[in-house]
There are 2 protein chains.
Amino acid sequence: MDKSYKVGIIGATGAVGAAMIQVLHDRKFPVAELHLFASERSAGKTLITPYGGKTVELFSVESAREMDFVFLAVSGDFAKEFAPQISAEGGAIVIDNSSAFRYDDAIPLVVPEINPEAIGDSKLIANPNCTTAILAVALYPLYKKFGLKRVIVSTYQATSGAGAEGMEELKTETAHYLAGEKVSNKIFSYPIPFNLIPQIDKFQENGYTKEEMKVTWETRKIFGNPNLAISCTAVRIPTFRAHSEAITIETEKPITPAEAQEILSRTPGVKLVDNPEKQEYPMPINATKQYDVEAGRIRQSLVFGENGLDFFVCGDQILKGAALNAVQIAEVIIA
Amino acid sequence: MDKSYKVGIIGATGAVGAAMIQVLHDRKFPVAELHLFASERSAGKTLITPYGGKTVELFSVESAREMDFVFLAVSGDFAKEFAPQISAEGGAIVIDNSSAFRYDDAIPLVVPEINPEAIGDSKLIANPNCTTAILAVALYPLYKKFGLKRVIVSTYQATSGAGAEGMEELKTETAHYLAGEKVSNKIFSYPIPFNLIPQIDKFQENGYTKEEMKVTWETRKIFGNPNLAISCTAVRIPTFRAHSEAITIETEKPITPAEAQEILSRTPGVKLVDNPEKQEYPMPINATKQYDVEAGRIRQSLVFGENGLDFFVCGDQILKGAALNAVQIAEVIIA
């Protein structure tokens, strides 16, 4: 009989935590016991899950350490404090969705389709930023085959990046707008209905936002290339839960759209959606709730010529951008 | 006494035509007589305008030729057939908002802040594509001072680009979505509420859409540089009437964000909105119904280094993207 595992989720009441439970179930992860942990505020509540009703337990380091796997879908501050304690000698394997450990050289940052070997015997593994994961899974096979001199990304990011409250604010405030009522904002810096906000996370010294720099820092680490020239403009738009990205690449070797299409058509985690004649291309309404990242609009770059491409990707922010990738990491470990 | 002019507008019932009337009035264009022309379907209707109630007249070439200026806010097919007849020897000066003549070497394509001299003594002048006009006004002063080796643009385009019907579809179908009703689409190829569509206009042989190629073709013509390396990814998003654009440039000479800020702060037609510390940057909610194109998020490019910048612009699609630019062309002619 195959082994099965005790799995704990911290942050199960959020959008990503809930998706982690769903993904574990859908992908038939061998769960022996599922434990949902939270602070006193949520402990005692019962959540309906695909595994049945589950009572949320009060989090303690001791109880989390009894798990085989602990998924963290909580803040970076919480992760920074507790992830090392939970995963210390004799504790659980921790897969952390926050940015707390992503830039720590000692902690692997993993997209399983790209660098599963980075996991090694680490008991703490960082899950990448949503925009990075969605980008990387489609970009990496092109990088491997053709090399990359420059990557320029512009994003169209959904409100789910700010959690369930972000999606709720979009919905509620859009209704206020249409009713001619006052549109307010709490989760976002400005009203989001029928608007866009070209700032996600805090501004850095160099004028980029932290979200934009995450794409640079994390892609470099995941690809194992600390010098990769990659920049991002990160923009929040009024969509619910799929992130889109317009990508321009300059490659080291000549590349054609047909070659890229051929490669992406057989890249695990990517669905090639690139039929202009049928008006088929990646879109949030199709990529939402799908595991695969859609890639399309592939064309020879007008500015980089035969050494460049433009393309467009769209992936579910909560799935490949968070919960799916985290569960895939656990799958690699038990494989 | 200063001269005043007989002005005709064809397509006054549309979003751009209505804005033309408003802009003529707001900018105190010396209008002696205003005539609104339309087909039999609209002729006889009365429109409320800043000049009072105006009865729409049945269009005829003869009556249009009696004007000093005729603004065309109609289809390219109509323009192709009638603009030459209206502007022929002894007729009116025609300023055409369609794409019918933009790529005709004999017809000037004008952004008044950039190439007013191109008008010469032409009696037919083409108004650029909205995305191009909004881009060009901020890009040109950087091009003049630093040169441009490469320009990469990703757009966030409002539904007004598809006319008043586009905006109406966004509003109506968003209400349907929120009410849990079926969301349909007539103007756009796919449902637009809480979605984006990475296709505007038809696909071309090279995989770019016509909207994307318009940015390339028109920027080259307006800048007088047929070899400018510039590419675009054009994306429709669920906003009403301001287009945003993420722009990455590689310059011939080194450039700093401070230099670009200084130049753009005194560029006519541009409003520098670039205060990260105050969370101030271009956004549709602010650029809507403003004449100036907002420019901000200026930073040294991570991929082009000291010879590159990233920045972000946002401009009203109906104003600088159409009606304002057209009226500015007429202002140059009478100056």
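Author: A crossing is left-handed if the near helix is turned anticlockwise from the far one by less than a right angle, and right-handed if clockwise. In this predicted model, α4(B) and α6(B) cross in the right-handed sense. Helices here are DSSP runs (H or I, at least four residues), strands likewise (E, at least two), numbered from the N terminus. Residues are numbered from 1 along each chain as written, chains are lettered from A in the order written, and local features need pLDDT of at least 70, side-chain atom pairs 80 or more, while totals for chains, interfaces and linings use all residues.

Reader: At what angle do helix α4 and helix α6 of chain B pack?

Author: Axes are lines fitted to C-alpha atoms, for helices over the stretch in contact, and angles run from 0 to 180 degrees between N-to-C directions. For α4 (residues 130–146) and α6 (residues 210–223) of chain B, the angle is about 40° and the axes lie 10 Å apart. α4(B) is therefore oblique to α6(B), since angles under 35 degrees count as roughly parallel, over 145 as roughly antiparallel, 65 to 115 as roughly perpendicular and the rest as oblique.

Reader: Which residues of α4(B) meet α6(B)?

Author: Contact requires C-beta atoms, placed from the backbone, within 7 Å. From α4(B), the residues include L135(B), A136(B) and Y140(B); their partners in α6(B) include V215(B), I222(B) and F223(B). By class, this contact has seven nonpolar, three polar and three charged residues (Ala, Val, Leu, Ile, Met, Phe, Trp, Tyr, Cys and Pro are nonpolar; Asp, Glu, Lys and Arg charged; the others, Gly among them, polar).

Reader: How many residues does each chain give to the contact of chain A with chain B?

Author: Chain A gives 50 residues and chain B gives 50. The side of chain A has 29 nonpolar, 16 polar and five charged residues.

How values were computed
Contact = placed C-beta atoms within 7 Å.
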